[in-house]
Amino acid sequence: MDPLSDVLELLGFRSSIYFQKNFCGNWKMSVADTGFAQFHYIVRGTAVIEHDDHAENLTAGDLVLFPKGASHAICDNPDSPATSGQDVIAGLQAGNEPFLEGDPTTRMICGHFEYDLAHQHPLVNDLPSRILLKTSEMELGTLFSSLISLIVNETLTNEMGSRTVTQYLSQALFASILRAHFVQEGGQIGFYSGIRDARIVSALSAIHEPDGWKYNLADLASIAGMSRSSFAAIFKRHMGQTPGDYALNWRMFKARQSLEKPGQTIDQIAHVYGYGSSSAFSRAFRAVMGVNPSQLRTTSH
């Protein structure tokens with residue numbers, strides 16, 4: 001039973017490492033809101049991260065992530081002239097590496113995590129605009145340290161399959177970042193607090209089953225070992241949704257995945273997700289997703 005893995009799989013998670021490089025002299029890189037979860041890891045030296053008119057100092061070992069793609073800047077000094085992140089990457093691709101004048105002040109890994117924000121799952125809704133993990137202030141654990149070390153080394157090699165290895169390491173890193181963030185926040189409500197409650201985990205695991213749509217409130221309460229009223233109240237406190245709304249949304253999220261793949265007709269997909277007719281399925285799908293299944297299928301292919 002691992003609801004977090006279920007959700008990460010649902011979100012269509014992908015990742016990319018842009019570069020590991022030295023930043024010399026005076027430098028500043030501005031990053032636009034791209035819709036990707038951009039991150040920066042300080043391998044060596046220091047930096048300043050600017051976001052929402054707030055600046056914070058970073059030191060070696062710190063990692064900053066913008067889970068919802070918020071615009072920001074990272075620099076040696078806020079007064080340094082800015083170069084856009086797109087121009088930095090374009091320069092590297094063309095062999096014109098920027099920020100080489102002066103002594104190296106910072107070495108940094110930059111990249112992004114990509115997932116479908118349209119799903120509006122409680123995990124995504126609970127994430128802040130910025131996550132800052134400072135190794136000087138918290139213990140990030142052996143897994144986090146090992147993954148960072150492996151990524152640092154892998155981005156320096158030209159071995160066969162290096163890009164694929166780095167991508168899988170980055171996916172594991174994202175899960176590790178989420179763990180560290182939720183522990184750091186110590187919240188008593190929200191998705192992470194829910195998946196620390198064995199009763200809620202049991203219910204979520206049932207909902208996430210391929211035919212999880214078959215469970216009603218009484219079934220889920222029984223699986224959780226609680227009365228219906230207590231289960232409904234505690235589930236909503238953690239998830240921000242009633243069990244019925246969560247189950248319906250999950251059902252439609254999974255149906256959307258099926259619609260985005262070729263092979264099954266809308267009638268077949270409706271049957272897979274427990275609907276007796278495509279018209280009933282279409283009404284439910286539109287209520288959650290805002291579009292008809294046929295419209296989504298047209299734009300996906």
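**Salt bridges in the chain**

A: K28 has a relative accessibility of 12%, and because buried means under 20%, K28 counts as buried. The model discussed here is a predicted one. The side chain of K28 forms a salt bridge with that of E50, with N and O 2.9 Å apart. K28 belongs to strand β2 (residues 28–31) and E50 to strand β3 (residues 37–51), so this pair ties together parts that are 22 residues apart in sequence.

In general, side chains of opposite charge can pair when their charged atoms come close. The structure holds eight salt bridges, and two further examples may be described.

One of them joins E114 to R14, whose closest N and O atoms are 2.9 Å apart. Here distant parts of the chain are linked, since E114 lies in strand β8 (residues 104–114) and R14 in strand β1, 100 residues away. R14 has a relative accessibility of 42% and therefore counts as partly exposed.

Another salt bridge brings together the side chains of E56 and R130, at 3.5 Å from N to O. E56 is part of strand β4 (residues 54–59), while R130 is found in the loop between α3 (122–126) and β9 (131–133), so the pair connects parts that are 74 residues apart in sequence. On accessibility, E56 is partly exposed at 23%, and R130 is partly exposed at 24%.

Note on methods
Residues numbered from 1 in each chain as written. Predicted model: local features only at pLDDT ≥ 70, side-chain atom pairs only at ≥ 80, totals over all residues. Heavy atoms only, no water. Salt bridge = Lys/Arg side-chain N within 4 Å of Asp/Glu carboxyl O. Helix = DSSP H or I, 4+ residues; strand = E, 2+ residues; numbered from the N terminus. Buried < 20%, exposed > 50% of the residue type's maximum accessible area, 1.4 Å probe, protein only.
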